[in-house]
Amino acid sequence: RMLGGAATHFALAASFFDEVRVVGPVGGDFDQASWATLGTRGTLTDDVERIQDGKTFFWSGVYPTANLNQRETLDTQLNVFETFAPKLSDAAKACDVLFLANIQPDLQRDVREQCTQARFVAMDSMDLWINIARESLEQTIRGVDCLILNDEELELLTGAPNTLLAAKQLLGWGLTSVVAKQGKYGAQLFTAEGQFAVPAFPLEHVADPTGAGDSFAGGFVGYVAASGGAVTHDVLVNAMAYGTALASFNVEDFGTERVAVLTGAEIEERVRVLELITTFENRPVTLKA
């Protein structure tokens, strides 16, 4: 039973870039050590609702094969999330950048509609909501700027036969960017200006991929927040690199252990490596007609 969850992994990553304000519920079993970790690097927890007689959301699962893109859920307990209704402070409503973590799409849309000043809004979701709440999910997606899903979910959502066509269809919904997470293979970015792909950071050992997607989102959205100004294709390309670097640290240990003690210098070093392995100078040879 270790600390995890989308808000935790996202906040730990995003807190390197800007002030993070977390919204969500916890139960009376959320201990002081967990509060301390959630508040790492100044993350604000004023909007975290503590339900003293409730229990915190719980998930457990296994990765049954060497393919860490596949996992099997063993247990999901909604607990305090079962009746959760987001309550945002004025400071939360005034956010500059907003990330809607994976949860029931009606709740995501409720938060989005309260944050009218946000210049960039990204969201995550999953196949569950595509299958049982498609209409609500589509309505929510049409109100944000960036959708972050894995490639199979993008194809399931749109019915497209491949990720490129799925992303093009979703850009037609009014999105400015689509990110396709591909687990151990990396991620792809699609905007009206073009596309960009970044591989996963090369690692010899992976301890636990749980939370990698939310760590990626924290680095990605955190970079956008820190960059200020217009959210251009070039800004998002850099955000992809930082998100990938943060995700690579997350998987090196269980739960929050690695990212909680991470330094900015370590992140920058991995971003430099990603820059080196994704850049080349074309030296053409003579090709036969």
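Trainee: Why is E49 called partly exposed?

Mentor: E49 has a relative accessible area of 28%. Buried means under 20%, exposed means over 50%, and partly exposed lies in between (1.4 Å probe, protein chains only), so E49 counts as partly exposed. The model is predicted: local features need pLDDT of at least 70, side-chain atom pairs count only at pLDDT 80 or more, and totals for chains, interfaces and linings use all residues. Residues are numbered from 1 along each chain as its sequence is written, and side-chain values use heavy atoms, with hydrogens and water left out.

Trainee: What makes the contact of K87 with E49 a salt bridge?

Mentor: The closest N and O atoms of K87 and E49 are 3.4 Å apart. A salt bridge requires a side-chain nitrogen of Lys or Arg within 4 Å of a carboxyl oxygen of Asp or Glu, so this pair qualifies. K87 lies in the loop between β4 (72-77) and α3 (90-93), whereas E49 is in strand β2, so the pair ties together parts that are 38 residues apart in sequence. Here helices (H or I, at least four residues) and strands (E, at least two) are DSSP runs, numbered from the N terminus.

Trainee: Why is K87 called exposed?

Mentor: The relative accessible area of K87 is 53%, and this value is above the cut-off for exposed, so the term applies.

Trainee: How do you know that D46 and R21 meet in a salt bridge?

Mentor: Their N to O distance is 3.8 Å, which is within the limit, so the pair is a salt bridge. D46 is in the loop between α2 (32-38) and β2 (48-51), and R21 is in the loop between α1 (6-14) and β1 (24-27), 25 residues apart. D46 is exposed at 63%, while R21 is partly exposed at 27%. The structure holds twelve salt bridges.

Trainee: Why is the aromatic pair of F30 and W35 called edge-to-face?

Mentor: The centres of the two rings are 5.2 Å apart and the planes are at 85°. Rings of Phe, Tyr and Trp (its six-membered ring) pair if their centres lie within 6.5 Å; planes under 30 degrees apart count as stacked, over 60 as edge-to-face and the rest as tilted.

Trainee: What makes F30 and W35 buried?

Mentor: F30 has a relative accessible area of 7% and W35 one of 18%.
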